[in-house]
Amino acid sequence: MSKTKRKNSNYKAFSEENIKAAEKPSMSPDTKKNIIIWSVTAVIVIGVLLAAIISSIPRTYYVEMDFGGYGKIVLELDEEDAPITVKNFVRLVRRGFYDDTTIFRAQKDFVIQGGQDESVKLPAIKGEFDENGVANNISHVRGVISMARTNDPDSATSQFFITLHDSAKASLDGKYAGFGHVIEGMEVVDAIAEALYGHAINSMGFVDDADAITIVSAKVIKYNAK
């Protein structure tokens, strides 16, 4: 055999051996199925973890309340100081719960109060304030929105009040869950209070249903992560 033929023969043998060595057995259907299942599970787990991380980041929500002819206000809600309260309020806003409810109380230099629908049974939430064992850094100065409740510290559901004067903090701080501030339209709050003062049926400033002022709508207009 010539040198050329021997070289070609060796090359052919070398190539076939490498091709055979590089060949792998095909993957079984069960193995492919398991890989797909593991991959999908991993994606789901990662998604759940990311959602949990994102939801744990405190947000600032901005809610617009429309009082018809009186005008609109914008509330800035601080989830960092009162996470349970803010989540509850935002959930109700998004459900449209506050639409067509009323402001039915105005106590001079103290608060206006509203946001009740007696036809709907709502679960109570944890009271986020110092006397209930929960730290809350929001002081009840003028323009703060806070949750109304009964004597039970964990009885708040939907009713809220907005403070009219800085002096309110003396009796409210540490006892009620402040969760935000009026950042636009405090003059609207004052106008509502003035309109209700003359209709008060007791020293607490409550008015009859016919004299209450309607919340036409409430909606979340934006939110930001801290």
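This is a predicted model: local features need pLDDT of at least 70, side-chain atom pairs count only at pLDDT 80 or more; totals for chains, interfaces and linings use all residues.
Residues are numbered from 1 along each chain as its sequence is written, and side-chain values use heavy atoms, with hydrogens and water left out.

View 1. On a 1 Å grid over the protein atoms alone, a cavity is a set of points where a 1.4 Å probe fits but cannot get out, and lining residues have an atom within 4 Å of a point. You'll find 1 cavity of 30 Å³ or more here. The largest cavity holds about 40 Å³ of space (volume is the space filled by probe spheres set on the points, which are joined across faces, edges and corners). Its lining includes Thr85, Phe129, Met147 and Arg149.

**View 2. The largest pocket.** A pocket is an open set of points with protein on both sides within 12 Å along at least five of seven lines. This one has a volume of about 430 Å³. It has 23 lining residues, and Gln113, Ala148, Arg149, Thr150 and Gln159 sit closest to its centre. The lining splits into 11 nonpolar, 7 polar and 5 charged residues (Ala, Val, Leu, Ile, Met, Phe, Trp, Tyr, Cys and Pro count as nonpolar, Asp, Glu, Lys and Arg as charged, and the others, Gly among them, as polar).

**View 3. The second largest pocket.** Here the space comes to about 180 Å³. Look for Phe104, Glu118, Phe206 and Asp209 among the residues lining the second largest pocket. Its lining has 4 nonpolar, 2 polar and 2 charged residues.
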